[in-house]
Amino acid sequence: MKFQRVFGTLPKTTASAPGRVNLLGEHTDYNDGFVLPTAIPQRTTVQIGLSSDDRHHVYSAEYDELINFSDDDTIPQKFVSYICGCLRLVEKEGYKIPPINLYITSTVPIGAGLSSSAALEIATLRGLRALLNLPLDDVRLAQIGQQVEIRYAGLNCGIMDQMASSLADTNTMLLIDTRSLECRPIPFPTSTEILIIDSGESHQLAEGSGYNQRRAECEESARILGVKALRDIADPQAVEVLPEPLRRRSRHVVTENNRVLEAVKSLPAERFGELMNASHASQRDDYEVSVPAVDTLAAILQSIPGVFGARLTGGGFGGACVALVESGKAGVIASEAIDRYQRAGYSGRVLVPEIKVNS
């Protein structure tokens, strides 16, 4: 067993969590809005056992790296900062965590906008819950995971990624009200499946100022408009009084919330796809979080027969495109899209050929 080869002992528990893809509702979660993600088949798995000394030992199979630290050490960087954040925030909940050995494996693509960090956070928190029999429900795990992202990774994110990783499945979409944290499963449009293609442009949200800047712009817009959050505005005309770029940032959030609320009304695939296309245009033009490679890939997907709609998914500044396509056609569509994308001078890869949904 690989865990035993690294640590010399056997694990006491194993836990996992999926990555996610967001169909609609981008950059609405930190505005108290509505989001519509689904889980993807790829997962992050952690095995946890008890350490034989007074230090935590964390090994990542993907990076082939072992990092050791104690509770008194400065927080290590890289992947282990997420683990350290989980440990420290669970302890702030009032639970004592003994020194542990933790082994990480993952099939969730890193840097593609599919929430590899949230999957690591939720898998770790699930493992700690099982190891120590902690009375923390799935929503509470998501809330702790969000704080790990904010306080230990420097990304002032909303809660969508952690909620999706903690509560979503691959068979339905999950409508999340990010203000109340109420959730309900929503069926996919009939005879459809999901295709996800990586643009090849890795996104690094926490390293640049773009993501956190967008959140600050939204908060300033809400302040000027006299509301708690942009979620409280339903009419796009209400934001026209704002100066640029606040007007465009706010217009994206308001119209995106409206798209989510329309999409959950059992729409036909054609209309759902139109909403996805409109969402991409809004992210590109109003929110300005897309890049040329992603715009090219989205346009190629949108032009292929059998694709109902396609859009940038994730926080932006690179990452992947998600497409809603006719059931059974994801493989053929993916091949054509990748070929045309490469001829345009880019290099992409298929991440999720299909997620089986209603047929």
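## A pairing in strand S2

Thr 13 has Ile 48 of strand S2 as its bridge partner. This contact belongs to the pairing of strand S1 (residues 13-24) with S2, which is antiparallel and holds 10 bridges. The model described here is predicted.

S2 also pairs with two other strands. With strand S5 (residues 100-106), S2 forms 7 bridges in the antiparallel sense; here Gln 47 stands opposite Tyr 103 of S5. With strand S6 (residues 173-177), S2 forms 2 bridges, again antiparallel, and Val 35 stands opposite Ile 176 of S6.

## The chain as a whole

The chain contains 10 helices and 11 strands. Its radius of gyration is 20 Å, close to the 21 Å that the globule rule gives for 359 residues, so the chain is as compact as a globular protein of that length. Taken along the principal axes, the box filled by the C-alpha atoms is roughly 60 × 50 × 35 Å.

Of the 359 residues, 56% count as buried. The accessible surface of the chain is about 14,100 Å², and carbon and sulfur atoms account for 47% of that surface. Contacts can also be sorted by separation in sequence: among those between residues at least 6 apart, 71% join residues at least 24 apart.

## The open sheet of four strands

Which strands form the open sheet, and in what order? The order is S9-S10-S8-S11, with antiparallel pairing. Strand S9 (307-313) and strand S11 (349-352) stand at the edges with a single partner strand each, so one side of each has no neighbour in the sheet. On average, neighbouring strands of this sheet are turned by 30° against each other, direction ignored.

Strand S10 (residues 320-326) is joined to S9 by 6 bridges, and the two run antiparallel. Two residue pairs illustrate this: Leu 312 stands opposite Cys 321 in S10, and Arg 311 has Val 322 of S10 as its bridge partner. The hairpin of S9 and S10 has 6 residues between the strands, and in this hairpin Gly 314 takes a positive phi near 95°.

S10 also pairs with S8, in the antiparallel sense and over 7 bridges. In this pairing Glu 193 stands opposite Val 325 of S10. Of the 7 residues of S10, 6 are buried, so S10 is largely enclosed by the rest of the structure.

## A helix across the sheet

Helix H10 (residues 330-343) lies across strand S8 (192-198) and also across S9, S10 and S11. Its direction is at about 30° to S8.

## Annotated domains

UniProt, in an unreviewed entry, lists "domain: Galactokinase N-terminal" at residues 2-48. That span is 57% strand and 13% helix, and its end C-alpha atoms lie 12 Å apart.

The unreviewed entry in UniProt also places "domain: GHMP kinase C-terminal" at residues 262-336. Over these residues the chain is 53% helix and 19% strand, with the end C-alpha atoms 30 Å apart.

Note on methods. Residues numbered from 1 in each chain as written. Predicted model: local features only at pLDDT ≥ 70, side-chain atom pairs only at ≥ 80, totals over all residues. Heavy atoms only, no water. UniProt positions renumbered as here; feature names shortened; annotations may be inferred. Pairing = 2+ DSSP bridges. Axes fitted to C-alpha atoms, helices over the stretch in contact; angles between N-to-C directions. Contact = heavy atoms within 4.5 Å. Rg over C-alpha atoms; globule rule 2.2 N^0.38 Å. Buried < 20%, exposed > 50% of the residue type's maximum accessible area, 1.4 Å probe, protein only. Areas by Shrake-Rupley, 256 points an atom, 1.4 Å probe, with all protein chains shown as cover.
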